[in-house]
Amino acid sequence: DSFKREFEPGEHDHTVPVTWQRETMPGHNSDSDGLENINEAITALQHAVDLTQEGHPYRAQCLHELGDCLEQRFIEKPTAEDLLRAVNAWASAAREASEPPFERLRISEKQVNIMSGLISLFHTHNVLHNLRLKACEQQLQLVHQVVWRGHDVKKRLEERTTISNTIKNGVAHAISSGDLTRAIEWVEAGHSIIWAQILSLR
């Protein structure tokens, strides 16, 4: 409830700074026609999601785009409902088995980046920190699926860099959220994954 009150109109109303809008939404259009188009897109995409079953080849794409549209509307008029719906849509897209693991990892990274941007705007807030940690945890689960020993050496070296950055960022976010136990667990899990990759390259 306190989280939702932060986005309710009033004397303490928060506004997403223009600089953050430009960074997160290239080509952002703030006119009323643009907002109407966003609302229509959200309705259509939500309907498409409702009609598709889990595992459908287009469901992940619909969820991903739904999250993007909800993010645009959140920038236009910040509400807790749109923020949570966007995060849930991205999280669901990242869980879709029909989507390639690397693409699912990229979607999950978007969640983390958005949460980090919001935390920097609204300072410390338990709900935002918890949402980011959940997204980080999902990322680390996807790392195990991204790693595949059948790839050639060049591809595996590229993956190792991505995996290292993902784990490093997840640990940093856990520390900044005050969850040191989880940070240690992720460090140990990361060491195991990275060493397994190094040994397999020999």
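This is a predicted model: local features need pLDDT of at least 70, side-chain atom pairs count only at pLDDT 80 or more; totals for chains, interfaces and linings use all residues.
Okay, let's start with the pocket. The largest one has a volume of about 180 Å³. Which helix gives the most to its lining? That's α7, with six residues. Helix α5 also supplies at least two. Among the lining residues you'll find V87, N88 and R95, along with K134, E137 and Q141. Sorted by class, the lining has four nonpolar, five polar and three charged residues.

In soluble globular proteins, nonpolar side chains tend to be buried together. Here, the largest nonpolar core has 23 residues, and I42, L66, L83, M115, L118 and L128 touch the most other members. Two or more residues come from each of α3, α4, α5, α6 and α7. Apart from that core lies another one, of 14 residues, including I167 and W186.

Last topic: salt bridges. How many does the whole structure have? A search finds six. Take E96 and R59, whose closest N and O atoms are 3.1 Å apart. E96 sits in the loop between α5 and α6, while R59 is in helix α4, 37 residues away. Buried or exposed, that E96? Its relative accessibility is 5%, so E96 counts as buried. R59 is buried too, at 14%.

Next, K110 and D68 come to 2.8 Å, N to O. K110 is in helix α6 and D68 in helix α4, so this bridge ties together parts 42 residues apart in sequence. K110 is partly exposed, with a relative accessible area of 23%.

Then D82 meets R73, also in a salt bridge.

Key:
Residues are numbered from 1 along each chain as its sequence is written. Side-chain values use heavy atoms; hydrogens and water are left out. On a 1 Å grid over the protein atoms alone, a cavity is a set of points where a 1.4 Å probe fits but cannot get out, and a pocket is an open set with protein on both sides within 12 Å along at least five of seven lines; lining residues have an atom within 4 Å of a point. Grid points are joined across faces, edges and corners, and a volume is the space filled by probe spheres set on the points. Helices (H or I, at least four residues) and strands (E, at least two) are DSSP runs, numbered from the N terminus. Ala, Val, Leu, Ile, Met, Phe, Trp, Tyr, Cys and Pro count as nonpolar, Asp, Glu, Lys and Arg as charged, and the others, Gly among them, as polar. A nonpolar core is a set of buried Ala, Val, Leu, Ile, Met, Phe, Trp, Tyr and Cys residues joined through side-chain atoms within 4.5 Å. Buried means under 20% relative accessible area, exposed over 50%, partly exposed in between (1.4 Å probe, protein chains only). A salt bridge is a side-chain nitrogen of Lys or Arg within 4 Å of a carboxyl oxygen of Asp or Glu.
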